Amino acid sequence: MNNIIIQCINLTKSYQDGDLTVNILKKISFELYKGEIAAIIGRSGSGKTTLLHLIAGLDNPTSGSILFDGKTLRSMTSNEISKLRNQKIGFIYQFHHLMLDFNVLENVAIPLLIDHKNKQESKEIAFEMLKKVHLQDKIKKYPSELSGGERQRVAIARAFVNNPCLIIADEPTGNLDQYNTNVVFDLILKLNNDFNTTFLIVTHDTILTKKIPILFKMKNGQLFNYEN
């Protein structure tokens, strides 16, 4: 049985700036299996976020292939990629990106409603997910009434609510103090263990990377295996 969730093969991304070709990514190849958790470190501008965008189908590579659960993204229509993102990929960003006019429960239920699930069922599933992040007592609160750490935990619940195969996290603790960073990251590790969900995390936090078993470094558009 093939348990590879993401496979990148000779992935490149370049842009034209007048007569100049700017190479952002240079022949990147790697794979992640079901349940693995990996981090990418590297300086700003090294290509980390570009790589995440390609894997999520938000942009197209110049050359090379991306396979998600055995199917190439290039073979999918835009509607199929949108459905893939909604059903099989969860996103956690540095900023929570919660809907300020919706309460906590409604924010977490949004991906389910987009997927045309029943409203009551969506709220029930969202509530169970909020219990996992210890926010079941905050379901009627609005984002403005929560702390930074609580808002990020709501964002994590939202990312998990569709039970995705892959979580893409771009600096998920970058906007938090050290205490909330530890809380959020320990929660990520627990959910990874509980759900056997694959994680790909971009982070600058060297303390956190010591807890992650698979570590890559992005440098000048190339991806290298890296050891703490």
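**Note on the predicted model: bridges, cores and rings**

1. Start with Asp-59. Asp-59 is partly exposed, with a relative accessible area of 27%. Here buried means under 20% relative accessible area, exposed means over 50%, and partly exposed lies in between (1.4 Å probe, protein chains only). This is a predicted model: local features need pLDDT of at least 70, side-chain atom pairs count only at pLDDT 80 or more, and totals for chains, interfaces and linings use all residues. Residues are numbered from 1 along each chain as its sequence is written, and side-chain values use heavy atoms, with hydrogens and water left out.

2. What is the partner of Asp-59 in a salt bridge? Lys-13 is the partner, and the closest N and O atoms are 3.4 Å apart. Lys-13 sits in strand β1 (residues 4-17) and Asp-59 in the loop between α1 (48-55) and β4, so the bridge ties together parts that are 46 residues apart in sequence. Helices (H or I, at least four residues) and strands (E, at least two) are DSSP runs, numbered from the N terminus. Lys-13 has a relative accessibility of 9% and counts as buried.

3. The model holds six salt bridges. The rule asks for a side-chain nitrogen of Lys or Arg within 4 Å of a carboxyl oxygen of Asp or Glu. One of them joins Asp-69 to Lys-88, with the closest N and O atoms 3.9 Å apart. This pair links distant parts of the chain: Asp-69 is in the loop between β4 and β5 (71-72), Lys-88 is in helix α2, and they are 19 residues apart. Asp-69 is partly exposed at 40% relative accessible area. Lys-88 counts as partly exposed too, at 32%.

4. A further bridge stays within one helix. Lys-131 pairs with Glu-128, and their closest N and O atoms are 3.5 Å apart. Both residues lie in helix α4, three residues apart, about one turn of the helix. Lys-131 is partly exposed at 37% relative accessibility. Glu-128 is also partly exposed, with a value of 43%.

5. Now look inside. The largest nonpolar core has 37 residues, and Val-108, Leu-130, Val-133, Ile-156 and Ile-201 have the most contacts inside it. At least two residues each come from β3 (37-41), α3 (104-114), α4 (119-132), α5 (148-160), β7 (166-170), α6 (178-195) and β8 (198-202). The largest share, six residues, comes from α5. A second, separate core of 31 residues includes Ile-6, Leu-11, Ile-28 and Ile-89. Such a core is a set of buried Ala, Val, Leu, Ile, Met, Phe, Trp, Tyr and Cys residues joined through side-chain atoms within 4.5 Å.

6. Take Leu-130 as an example from the largest core. What does Leu-130 touch? Leaving aside residues up to four places away in sequence, Leu-130 touches Val-104, Leu-105, Val-108, Leu-135, Gln-136, Ile-139 and Ala-157. Contact means heavy atoms within 4.5 Å.

7. The aromatic rings come next. The whole structure contains three aromatic pairs. In one of them, the rings of Phe-160 and Phe-195 have their centres 5.4 Å apart and their planes at 45°, so the pair is tilted. Phe-160 lies in helix α5 and Phe-195 in helix α6, so parts that are 35 residues apart in sequence are tied together. Phe-160 is buried at 1% relative accessible area, whereas Phe-195 is partly exposed at 25%.

8. Phe-160 has another ring partner. The rings of Phe-160 and Phe-199 have centres 5.8 Å apart and planes at 45°, so this pair is tilted. The two ends are distant in the chain: Phe-160 is in helix α5, Phe-199 is in strand β8, and 39 residues separate them. Both Phe-160 and Phe-199 are buried. Together, Phe-160, Phe-195 and Phe-199 form one aromatic cluster. Rings of Phe, Tyr and Trp (its six-membered ring) pair if their centres lie within 6.5 Å; planes under 30 degrees apart count as stacked, over 60 as edge-to-face and the rest as tilted.

9. In helix α2 (residues 78-88), Ile-81, Leu-84, Arg-85 and Asn-86 are buried. Their cover includes β4 (63-68), β6 (89-93) and α3. Asn-162, in the loop between α5 and β7, is buried at 15% relative accessible area. Asn-162 touches Asn-86, Gln-87, Pro-111, Leu-112 and Lys-117, not counting residues up to four places away in sequence.
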